[in-house]
Amino acid sequence: MILHPAVLALLIASVLISAMVLFASFHASHILKHWDRESGSELQLQLERNTYLISTLLAYALLFQLLSLALLVYVADTLHVQIAGAMCAVGTFNANSLGYPALALKIGNFLFAGLWLILNFADARGYDYPLIRAKYSLLLVLALPIYLESLLVWRFFFGLKGDVITSCCGSLFSTGQGTVSSELAGLPPLPTAGAFYLGAFLTLALWLWFLRGRGRGYALAIVAGLTFLAGVAATISYFAPTFYELPHHHCPFCLLQAEYHHLGYLLYATLFGGAVAGMGCGVLAPFHGIPSLSATLPWLQRRLALLCLLCYGLFTLIVTLRVLTSDFRLFS
Amino acid sequence: MNRSLERQRNILDFTLASLLRRKGKNLSLLAIYIFIVFIIASVTFFTTALKREALLLLSEAPEMVVQRLSAGRHDLISHDYAEGIAAIRGVTAVTPRLWGYYFDPTTGANYTLLVPPAGTAVPGVVTVGAGVARNLGLAADDLLPLRSYRGESLLYTVEAVLSSESELIATDLVLMAAGDFQQLFNMPPGFAVDLAVSVANPRELATVAGKIVERYPDTRPILKSEILRTYDAIFDWRGGMMIVLLMAAVFSFLVFAWDKAAGLSAEERREIGILKSIGWETGDVLLLKFWEGCAVSLSAFCLGVLFAFVHVFVFSAPIFAPALKGWAVIYPAFRLTPEVSPLQLAILFFLTVVPYTVATIVPSWRAATIDPDAAMRQ
């Protein structure tokens with residue numbers, strides 16, 4: 001194990017987050033079992049009080065979860081100097097078999113946590129706890145991947161050894177190796193970038209459509225999710241080589257390094273932020289008929305749709321500016 | 001949006017006024033919180049600054065050093081090896097190096113003796129580092145006595161004392177001619193302590209190292225990148241160990257914070273009761289507690305970081321230096337270069353603010369769900 005202070009910080013954070021989610025899940029299952037809004041019993045009053053505790057606990061836990069994703073990537077990027085053969089975060093994550101599963105789970109939990117917080121925010125706007133069953137059921141689903149993630153993060157850092165020769169990003173993200181990353185790097189750059197631009201354009205069109213009061217937000221959520229995937233694929237296959245001005249360098253993590261002014265953090269923040277806001281719009285869509293939310297839900301969805309558009313817009317602007325201003329051309 | 005902002009502002013306003021009303025209780029918590037942030041921030045700042053110094057120090061080191069091993073121990077290497085290694089394709093230069101350590105029994109200090117390359121040193125004349133000069137009270141033109149391997153006293157004239165800017169690298173250094181070095185340690189001519197190897201393309205270093213071991217199996221090439229990695233790991237390990245030890249203090253602080261947050265005074269209970277009876281909701285009281293936590297954490301975080309900055313970069317970390325720097329009779333006096341990175345601040349946040357916040361959630365919720373009538377009746 002590499003006893004870096006940042007590793008300790010991440011391990012402590014993962015224990016605290018898991019403990020908070022476990023505590024909240026325990027109370028949530030209690031609420032799901034005994035909740036009866038019509039009742040005025042002592043138990044129901046206590047359950048209603050507990051909802052405040054769970055919401056506060058989870059709001060903090062999931063906020064820390066979002067921050068710890070950024071810290072995990074930053075730490076992996078910092079630790080690469082101590083791992084033989086590693087040149088950026090890719091090498092660190094690749095140093096043992098648990099690095100990538102931990103990262104993938106953290107990203108998944110990040111998206112999931114964002115959606116849960118949106119649901120919680122909407123629920124707090126209704127006076128009669130309208131989404132209580134939906135959000136606590138979702139919480140119980142979310143809890144398991146969070147525990148699993150903590151376990152993987154612990155085992156990953158405990159298994160990290162400085163003297164293991166790991167692959168550098170040059171070999172992992174080179175094409176034709178049969179791995180997921182090499183498949184992504186091997187995607188045809190122009191159609192992949194085209195798919196992303198199409199997704200961004202469709203997001204704009206659906207936003208306008210949504211503003212006119214058409215649709216509930218499902219279409220926007222699906223397009224936002226697909227645009228996110230296309231954005232990640234296009235970053236690896238086309239935008240990253242354009243930033244590096246190296247045709248065979250597809251690494252999505254090198255963008256985070258100081259040579260590229262840490263621009264990756266802004267790019268990924270906009271991409272992830274857009275995905276959460278866009279998909280959040282769809283998560284709220286099934287609850288349109290609830291009377292206590294009839295005023296706030298459309299307002300909240302419009303805000304989320306706008307946020308999604310702004311995030312994707314900023315991402316598109318940054319990558320397009322780079323493509324246009326760079327002397328580098330991936331195709332003649 | 002404006003109304004929502006206005007609401008937050010009003011609650012924040014109320015929070016600050018309420019914190020100031022209970023100065024005694026809050027100041028004791030704040031003082032301990034600041035101390036915890038200060039200690040952990042000092043450790044991270046100090047280890048990062050030392051890593052930076054080590055990096056700067058090694059930037060001038062040769063890319064590869066080749067040592068000869070005999071019975072698993074470092075041994076002298078013949079100049080013939082240098083010629084053989086120089087013939088390997090890609091190697092641009094091989095410099096035999098003469099250096100060693102000299103223990104001075106009168107002061108209990110160790111000096112590093114080095115023969116400068118290209119034979120620039122004059123026999124009988126030495127240049128000493130600032131630490132050696134300080135230790136022996138030497139100045140230019142004084143005599144430096146050293147005992148040879150046979151026990152006889154040899155006198156060298158001090159030509160100059162190296163400037164204090166180079167102290168971190170050269171504080172214990174004595175530069176002397178090759179002949180003097182060989183006479184002092186009974187070292188046969190035609191042998192070196194190790195070889196510094198330069199390679200034209202840094203990417204070929206590993207390949208060249210492989211070829212050297214293949215041609216001379218009794219050698220051990222050491223790459224600069226390996227040394228850098230080891231230094232990085234050592235300083236991180238030292239910082240990490242300190243933090244592991246300090247976690248006991250952090251844990252005590254959390255118990256204290258929990259206790260402070262849970263032990264509401266009768267006055268506070270009445271205050272929350274009145275607030276709720278005039279229309280504040282549980283959510284509003286929780287918001288009040290949130291802002292209270294933010295105000296305390298932000299003040300403690302900023303002040304703790306500021307104090308740690310002054311402690312490490314102005315006073316050279318007197319509290320941690322003995323444990324983290326290592327020690328020696330001749331230790332370089334140096335001022336660390338101030339550097340605070342976002343990573344350090346993020347580490348501090350996760351090690352102090354996050355546990356504090358977690359410790360105060362349940363007590364805050366308990367306070368916020370007090371029944372107004374019960375609170376006022378007490």
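Colleague: Hi! How many residues of chain B are in contact with chain A?
Modeller: Hello! In this predicted model, 27 residues of chain B are in contact with 24 residues of chain A.

Colleague: Which elements of chain B give two or more residues to that side?
Modeller: They are α8 (224–262), α10 (282–314) and α12 (342–368) of chain B.

Colleague: And which one gives the most?
Modeller: That would be α12(B), with twelve residues on the side of chain B that touches chain A.

Colleague: What kinds of residues does chain B put there, nonpolar, polar or charged?
Modeller: On the side of chain B that touches chain A, 17 residues are nonpolar, seven are polar and three are charged.

Colleague: Let's stay with the helices. At what angle do α10(B) and α12(B) pack?
Modeller: The angle is about 155°, and the axes of α10(B) and α12(B) are 10 Å apart. Angles over 145 degrees count as roughly antiparallel, so α10(B) and α12(B) are roughly antiparallel to each other.

Colleague: Is their crossing left-handed or right-handed?
Modeller: The crossing of α10(B) and α12(B) is right-handed.

Colleague: Nice. Which residues make the contact?
Modeller: From α10(B), they include V285(B), L286(B), K289(B), G293(B) and F301(B). From α12(B), among them are L348(B), V353(B), Y356(B), T360(B) and W365(B). By class, the contact of α10(B) with α12(B) has ten nonpolar, seven polar and one charged residues.

Colleague: New topic: how is chain B divided into domains?
Modeller: Domain 1 covers 2–58 + 230–377, and domain 2 covers 64–222.

Colleague: How many Å apart are the C-alpha centres of those two domains?
Modeller: The C-alpha centres of domain 1 and domain 2 of chain B lie 49 Å apart.

Colleague: I also see a sheet in chain B. What is the strand order?
Modeller: This open sheet has six strands in the order β5-β6-β10-β7-β9-β8, with mixed pairing.

Colleague: Which strands stand at the edges?
Modeller: Those are β5 (99–104) and β8 (143–147) of chain B. Each has a single partner strand, so one side of each is left without a neighbour in the sheet.

Colleague: How are neighbouring strands turned against each other?
Modeller: By 35° on average in this sheet, with direction ignored.

Colleague: Remind me, what do strands of a sheet pair through?
Modeller: Strands pair through backbone hydrogen bonds, either parallel or antiparallel.

Colleague: So do β5(B) and β6(B) run parallel or antiparallel?
Modeller: They run antiparallel, and six bridges join β5(B) to β6 (residues 109–114) of chain B.

Colleague: Which residue is the bridge partner of F103(B)?
Modeller: The partner of F103(B) is N110(B), in β6(B).

Conventions:
Residues are numbered from 1 along each chain as its sequence is written. Chains are lettered from A and ligands numbered from 1 in the order in which they are written. This is a predicted model: local features need pLDDT of at least 70, side-chain atom pairs count only at pLDDT 80 or more; totals for chains, interfaces and linings use all residues. Two residues are in contact if their C-beta atoms, placed from the backbone, lie within 7 Å. Helices (H or I, at least four residues) and strands (E, at least two) are DSSP runs, numbered from the N terminus. Ala, Val, Leu, Ile, Met, Phe, Trp, Tyr, Cys and Pro count as nonpolar, Asp, Glu, Lys and Arg as charged, and the others, Gly among them, as polar. Axes are lines fitted to C-alpha atoms, for helices over the stretch in contact, and angles run from 0 to 180 degrees between N-to-C directions. Angles under 35 degrees count as roughly parallel, over 145 as roughly antiparallel, 65 to 115 as roughly perpendicular and the rest as oblique. A crossing is left-handed if the near helix is turned anticlockwise from the far one by less than a right angle, and right-handed if clockwise. Domain bounds come from an automatic or database domain assignment. Two strands pair if DSSP finds at least two bridges between them.
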